[in-house]
Amino acid sequence: VIAPESYSQEVPFWVPFTSDASEGDNTERERKTRLKYELGAVSGYLYSHVRESREEYDDRIARAMHYPLFRSIVDVYVSAVLRTDAQREGADGAIWKAYHRDVDLAGSQIDVFLRQALTWALVYGRVHAVTDAPADGGRAYTYLVPPVDLVDWELDEFGRFRWGQVRETQPNERMPGQERGEQKDQYRIWTRDKWRLMRQGEHGWAEHASGPHDAGRVPVATLFARRGYESRRSLEADSVLDDIMHIDLNVFNLTSLLHDQIFAQCFAQLAVPTETGEAPDLELGINRVLGFAAESGARPMYLSPNADLIHAQAKIIGEQIANARQLASVGRGRAEYSKEERSGAAMEHESGDKSNAVSSLAGAVESFDREIHADAHAVNKASGNSPEASYSRNVSLKALGTQIAEATALDKLRLPPRSMVEVLKPLLSRVLRDHGQGDDVVSRASKSLEDAVEAMDEGMRAGAGEQAPTPEVADGSA
């Protein structure tokens, strides 16, 4: 998100220069080194400092490191929202199984596709998906469009697209051995009943191709991370990163200062007594030698800077990162950090904002999921109703170890196996997905777990029937 090498403003730097100064006779000239202010372009993210030379600033840019705070926050949200599998009614047909195995005809499974969509939506505030069909009449497919590529649109009074213009990369039809050439853009305009492809030629932009579609509406679905109040008119949306942008910028600059201080004070300086008080001509690996007057009687010594300031800066950076995560509703609260026993009510109250944020995102993904399936259903000219997805709103940001500990505690209550299977299935799904497994593997594993519990139930019932005596009622009948 932040590129340290990007330049966006100019500030004055102290720059050394050499001038000719006359002293005494005009034929006698002495070159003197002076300092002057000179404007120079700097990064819009990494601030320059007073009396920092251009060379020092460029060197600091080269060593600047951006802590991936945004990525970690986005990953937490995506993991929490898509941790539980969506339940889709009416998606058992062969055409839907093929669609879920390869949503975009580029090999993306439905869970990978939705994970990418949610990631983009969290960063940009919104992301779009266009549903189309191949020219040869194959099944529908859906591909993602970042908001920067939806270059123009118009909405009706209900916030639905009247038309949308999408920027695409023009296919390169070169043959092997030919130069790649310049990459060109093309624009596809979608309306409620047709599409038009525009390309630039010798005489300007012109229609290259066009055709009808069967979606019955503009086949552009939108996933909002945080929908704005005016989104029905302007697609207004906010990124979840907006609120912490300045904190991230502050952490970036503080980290640069910390690294610069560590870099400058990495080695201790050797101080040796000399007759002149100047640094002696010594060849040392680190080239840090100071001289002082020999009359002081002091012996050579190493001077090491105080590291307290470095530790204080590192602590401030850590606090800034923790505050940013708290403001983004993904940080650990006091109860999660504490080793003390906390009440369930206190834990629930402290994590309430996290649950609300993740639940809201789950609802947005659910609407997006239904919308792309409705478009694919219409393009496929399928009968009946389109599949409708349901996403769990009871999402949690708890660590896997915490969830396993809770499941173990429930098992000590000797609950019926059929009750425990509903606790274990989400854990099993999470472990498998964390190891890169898809829907098919998760479904088979869940089915195996249900079969095992069913066999256990039957065994318990059979054992109870063999060992327990038949109860008798008052009249002696069984």
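Me: How much of the contact count comes from residues 24 or more positions apart?
Reply: They account for 58% of the contacts with a separation of 6 or more in the protein. Contact here is heavy atoms within 4.5 Å.

Me: What are the ground rules for these values?
Reply: This is a predicted model, where local features need pLDDT of at least 70, side-chain atom pairs count only at pLDDT 80 or more, and totals for chains, interfaces and linings use all residues. Residues are numbered from 1 along each chain as its sequence is written, and side-chain values use heavy atoms, with hydrogens and water left out.

Me: What is the mean pLDDT?
Reply: The mean is 76, and 67% of the residues reach 70 or more. pLDDT is the predictor's confidence in each residue, from 0 to 100.

Me: Which elements have the lowest and highest mean pLDDT?
Reply: Helix 9 (residues 344–350) is lowest at 44, and strand 5 (residues 141–145) is highest at 97. Over residues 334–350 the pLDDT is below 50, and that stretch has twelve contacts beyond near neighbours in sequence. Where pLDDT is low, the predicted coordinates should not be read in detail.

Me: How many helices and strands are there?
Reply: The protein has 13 helices and 15 strands. These are DSSP runs numbered from the N terminus: helices are H or I, at least four residues, and strands are E, at least two.

Me: What is the strand order in the open sheet of five?
Reply: The order is 6-7-8-9-10, with antiparallel pairing. Two strands pair if DSSP finds at least two bridges between them. Strand 6 (150–155) and strand 10 (204–212) are the edges; each has a single partner strand, so one side of each lacks a neighbour in the sheet.

Me: How is strand 9 joined to strand 10?
Reply: Eight bridges join them, running antiparallel. A hairpin of two residues links strand 9 to strand 10. Glutamine 200 has tryptophan 205 in strand 10 as its bridge partner.

Me: And strand 8 with strand 9, how many bridges?
Reply: Four, also antiparallel. Arginine 188 has leucine 197 in strand 9 as its bridge partner.

Me: Switching to helix 6. Which of its residues are buried?
Reply: Among them are Ile247, Leu249, Val251, Phe252 and Leu258. Buried means under 20% relative accessible area (1.4 Å probe, protein chains only).

Me: What do those buried residues pack against?
Reply: Helix 1 (54–63), helix 2 (69–81) and helix 7 (308–327).

How values were computed: Buried < 20%, exposed > 50% of the residue type's maximum accessible area, 1.4 Å probe, protein only.
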